[in-house]
Structures are given as C-alpha cells and as structure tokens.
Amino acid sequence: MFKLEEIPIFSALTQQHIKELNNQTHIKHFTKNSIVFYEGDESEYLHILLEGSVKLYKTTPKGTQIQINRLNAPSMIGEYACFEQQPFPATCEFATDGSMGLLPFEMVYKHLNNPDFSLEIIKSLTGKVALLSALVHKETVLSSEAKVADLMTQKLTLFHRLKNNEIASMLNLTPETFSRIMTKFKKEHIISIENHKVIVHNEEALYSIVETNTMKDCTNCIAHFKEQIGYKE
C-alpha cells in the first residue's frame with residue numbers, strides 16, 4: 001500500500017505537514033466490486049487510492065454503465081467534488097481488493113498556498129480533462145472495431161491481465177460485441193490467442209482500422225482467398 005509521502009502531490013510538503021495529513025487521513029479497506037461512492041453522493045473528503053484499482057462510471061436512465069476511467073494506485077479521486085463542492089459526478093467501484101485514504105477537504109484547502117502542492121493538483125485535474133476528451137472522441141467517433149484495435153495498439157497487456165468481459169466494460173461494449181470483434185480479428189489473421197495471450201501479427205491492420213474507423217471484409221485478402229479455395233502451400 002502506498003504512503004502519502006510517496007504520492008507526487010504530497011511529496012512537496014514538509015515532514016511535519018505529512019505527519020499532520022497522515023493523522024487526519026482515514027484509511028478504508030475494500031474488496032473487489034465494492035462501491036466507494038455513487039454518482040450524486042456528497043462528501044467532505046478527497047479520496048486517495050492507496051492500493052488496488054478502481055473504475056469510474058456513469059449510469060444511463062436505462063441502467064447501462066458508461067465507463068469513464070480506470071485508475072490504479074496511487075491516484076487522487078474526487079478533486080472536482082472537492083473544489084466545486086458538488087456531488088460526485090460518477091460512481092467509483094473497486095475492480096480489485098484495495099485501500100482508499102479519505103482526507104478532509106479542509107486539510108487540502110489548508111495547503112493550497114504551497115505552489116508545488118497546488119501545481120500537482122492542477123496536473124491531476126488537467127490530466128483527467130485530457131482523459132475525458134479522449135473518451136468523448138472514442139465514444140462519438142470510433143466504431144466498435146476501432147475501439148478494440150486502438151486499445152490493442154495502446155495497451156496490449158490489458159488483454160493479458162483482464163477477462164474479456166472486463167475489457168468489454170472498459171470499452172463500453174457488450175461482451176457479445178467484443179467477442180464477435182475478437183473472432184473477426186482472428187479470422188483475418190490480425191491476431192491469434194496463445195496460452196490466453198493475444199499475439200498481434202498485423203499491427204498495420206490495427207492502425208488502419210483506427211485511422212479509417214472501419215474494417216474491410218478482409219484485411220489480408222490474398223490469405224483469405226487461399227483459405228476460401230482450400231489452397232495449401
């Protein structure tokens with residue numbers, strides 16, 4: 001489990017201030033799938049992820065979850081609610097077992113006169129703005145195939161660590177849609193799966209899918225034709 005002094009935002013403070021913050025921080029332990037807070041909940045605490053990983057999502061009127069982000073320790077959660085004094089804009093749920101530190105807002109305000117401390121908060125906020133911008137782009141522009149291809153080119157290791165339904169949730173796809181796309185990628189010899197690991201054989205095809213936002217009926221048409229006629233070398 002991370003300590004406050006190991007997190008960039010707090011590393012700028014003196015040991016005396018760190019000790020004070022440690023004394024004021026309430027540590028809570030969670031199991032996988034536990035809800036930290038719901039969208040619309042109010043709080044007086046800045047949430048600091050000290051161990052594990054969480055997912056943040058919004059829920060549509062029909063009950064569909066739209067995943068906004070997935071954060072690993074150490075991370076700050078709830079800066080918006082802290083500074084705007086507004087309810088949480090999303091639900092936070094643990095994707096693994098983990099721990100969360102709850103730091104009263106008043107303790108955060110107390111140290112805003114420290115330039116380094118304030119700069120780290122700004123960095124955290126601007127980083128999340130960039131993530132939201134990327135999310136909007138993916139949700140409004142990219143096709144389902146392009147979403148999967150994009151994640152493969154950016155974070156292939158996720159396909160090794162997470163289950164298919166977890167990846168589908170991250171991309172806001174149904175498990176059936178995700179499975180269909182993976183099958184299509186395998187059929188077109190873009191990828192293969194060996195020992196539960198995704199092996200990319202045609203990275204250019206993945207980039208092409210993202211760039212064109214579409215997938216041809218066959219990305220390796222010569223191989224596809226040979227397969228169709230039963231040709232063997």
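Leaving aside neighbours within four places in sequence, which residues is Phe-178 in contact with? Select Phe-178 to begin: Val-148, Phe-159, Asn-164, Ile-167, Ala-168 and Leu-171 are in contact with Phe-178, where contact means heavy atoms within 4.5 Å.

The model is predicted, so local features need pLDDT of at least 70 and side-chain atom pairs pLDDT 80 or more, while totals for chains, interfaces and linings use all residues. Residues are numbered from 1 along each chain as its sequence is written, and side-chain values use heavy atoms, with hydrogens and water left out.

Next, display the largest nonpolar core, which has 24 residues. Such a core is a set of buried Ala, Val, Leu, Ile, Met, Phe, Trp, Tyr and Cys residues joined through side-chain atoms within 4.5 Å; buried means under 20% relative accessible area, exposed over 50%, and partly exposed in between (1.4 Å probe, protein chains only). Val-148, Met-152, Phe-159, Phe-178, Met-182 and Phe-185 have the most contacts inside this core. At least two residues of the core come from each of helices 6 (144–154), 7 (158–161), 8 (164–170), 9 (175–187) and 10 (203–212). Helices (H or I, at least four residues) and strands (E, at least two) are DSSP runs, numbered from the N terminus.

Now select strand 8 (residues 98–104). Seven of its seven residues are buried, so strand 8 is largely enclosed by the rest of the structure. Gly-98, Met-100, Leu-102 and Pro-104 lie on one side, with Ser-99, Gly-101 and Leu-103 on the other.
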